[in-house]
Amino acid sequence: MKATNIFLIGLMGSGKTTIGKLLAKKLNRSFIDTDQLIEQKTGVDVSMIFEFEGERGFRDRETKLLSDLSEKLNHVISTGGGVVLSKFNRDIISNSGTTFYLKTYPKELSLRLKNDKTRPLLKNTDVERKLTELYEERCSLYETTADYIIETKNKRATQIVLEIEEKLNSYENN
Ligand code: S3P
């Protein structure tokens with residue numbers, strides 16, 4: 001049996017934070033959102049970190065945080081969408097928990113995020129085109145890192161949480 005953290009991975013807007021919070025509550029576990037924790041630690045938001053330190057600076061902070069979190073047990077951890085870009089991060093995730101990829105397609109994500117002001121990668125760009133690009137670049141990374149792929153299309157958050165719980169139960173019983 002792998003370490004007991006539960007990781008949620010997927011593109012921005014796929015519901016990792018919402019679902020992670022609900023799941024943690026249901027399972028009576030602590031919840032961590034890596035972006036929020038980086039913001040708490042630095043005292044500034046993710047956009048500001050991108051502005052001052054570039055994407056590279058943000059990625060370094062993300063990796064450092066993830067290494068620290070791999071020491072934790074029994075947490076539900078929602079990650080930033082780009083976490084899978086680094087092999088080092090992917091290995092940490094694979095080795096320290098059970099991972100769910102919340103698979104949402106770019107069209108739906110762009111409807112959710114078209115007015116978003118908090119994601120630096122979506123600033124001053126065609127949101128749907130950018131999300132399609134990110135999807136194409138990352139989908140196979142999400143799929144190979146995940147233990148389970150959860151399609152989110154037309155599902156409520158509560159239904160997705162139930163699906164994750166079912167998978168966890170079947171995992172634990174095997
Ligand atoms: C990013 C996703 C964001 C945040 C940063 C970069 C990405 O997190 O980490 O803006 O590269 O996809 P969410 O997936 O929580 O929005």
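Visitor: How far does helix 1 reach from its first C-alpha to its last?
Guide: The model is a predicted one. Helix 1 covers residues 16–27, which is 12 residues. At 1.5 Å a residue the expected span is 16 Å, and the span in the model is close to that, at 16 Å.

Visitor: Over what arc around the axis do the buried residues of helix 1 lie?
Guide: The buried residues in helix 1 are Lys16, Ile19, Gly20, Leu23 and Ala24. They sit on the same side of helix 1, because the arc they cover around the axis is only 130°.

Visitor: Which exposed residues does the face turned away from the buried side of helix 1 carry?
Guide: An α-helix has 3.6 residues a turn, so residues three or four places apart point the same way. On helix 1, the face turned away from the buried side carries two exposed residues, Lys25 and Lys26.

Visitor: Which residue of strand 5 is the bridge partner of Phe100?
Guide: Strand 4 (residues 97–103) has seven of its seven residues buried. Strand 1 (residues 5–9) runs parallel to strand 4 and is joined to it by five bridges, with Phe7 opposite Thr99. Strand 5 (residues 148–151) also pairs with strand 4 in the parallel sense, over four bridges. In strand 5, the partner of Phe100 is Tyr148.

Visitor: Is Arg59 buried or exposed?
Guide: Arg59 lies in helix 3 (residues 46–69). Beyond four places in sequence, Arg59 touches Gly82, Val83, Leu85, Leu121 and Arg138. Its relative accessible area is 9%, and buried means under 20%, so Arg59 is buried.

Technical notes
Residues numbered from 1 in each chain as written. Predicted model: local features only at pLDDT ≥ 70, side-chain atom pairs only at ≥ 80, totals over all residues. Heavy atoms only, no water. Buried < 20%, exposed > 50% of the residue type's maximum accessible area, 1.4 Å probe, protein only. Contact = heavy atoms within 4.5 Å. Expected span 1.5 Å × (residues − 1). Arc of directions from axis to C-beta. Pairing = 2+ DSSP bridges.
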